[in-house]
Amino acid sequence: MRAFLLDGVVPYIAPQAVEGLKFSVALPADLARATLAERFVDEEHAAGLAAATIVMRADAVQEERVARDG
């Protein structure tokens, strides 16, 4: 089910990345951004992260609060 949730998910592409391309003036910005995003997709590792178990330790949260708030 999680793999389905990743369909169509692409990385964020900063406007500066698009502006730095040789062909940036020849393509609409949204098409250039989509082209770069497709190049940078890492489906294998993204699926692994999405399938990973997330564990939150209450003592770690408390330690973070104490460190932050003093």
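Predicted model: local features only at pLDDT ≥ 70, side-chain atom pairs only at ≥ 80, totals over all residues.

Analyst: Glu38 belongs to helix 3, which spans residues 29-40; helices here are DSSP runs (H or I, at least four residues), strands are E runs of at least two, and both are numbered from the N terminus. Residues are numbered from 1 along each chain as its sequence is written, and side-chain values use heavy atoms, with hydrogens and water left out.

With a relative accessible area of 54%, Glu38 is exposed (exposed means over 50%, buried under 20%, partly exposed in between; 1.4 Å probe, protein chains only). Together with Asp7, Asp42, Glu43 and Glu44, Glu38 forms a negative surface patch. Patch residues have over 30% relative accessible area and no salt bridge, with like charges joined within 9 Å; a salt bridge is a side-chain nitrogen of Lys or Arg within 4 Å of a carboxyl oxygen of Asp or Glu.

Now to Leu21, in the loop between helix 2 (15-19) and helix 3. Leu21 is buried, at 19% relative accessible area, and touches Ala32 and Leu36, leaving aside residues up to four places away in sequence; contact means heavy atoms within 4.5 Å. Leu21 and Leu36 are 15 residues apart in sequence, and their C-alpha atoms are 9.7 Å apart.

As for the whole protein, there are five helices and zero strands, and buried residues make up 11% of its 70 residues.

Technical notes. Patch = residues over 30% accessible without salt bridge, like charges linked within 9 Å, V, L, I, M, F, W, Y side chains within 5 Å. Areas by Shrake-Rupley, 256 points an atom, 1.4 Å probe, with all protein chains shown as cover. Lys, Arg positive; Asp, Glu negative; His and termini not counted. Charge placed at Lys NZ, Arg CZ, Asp CG, Glu CD.
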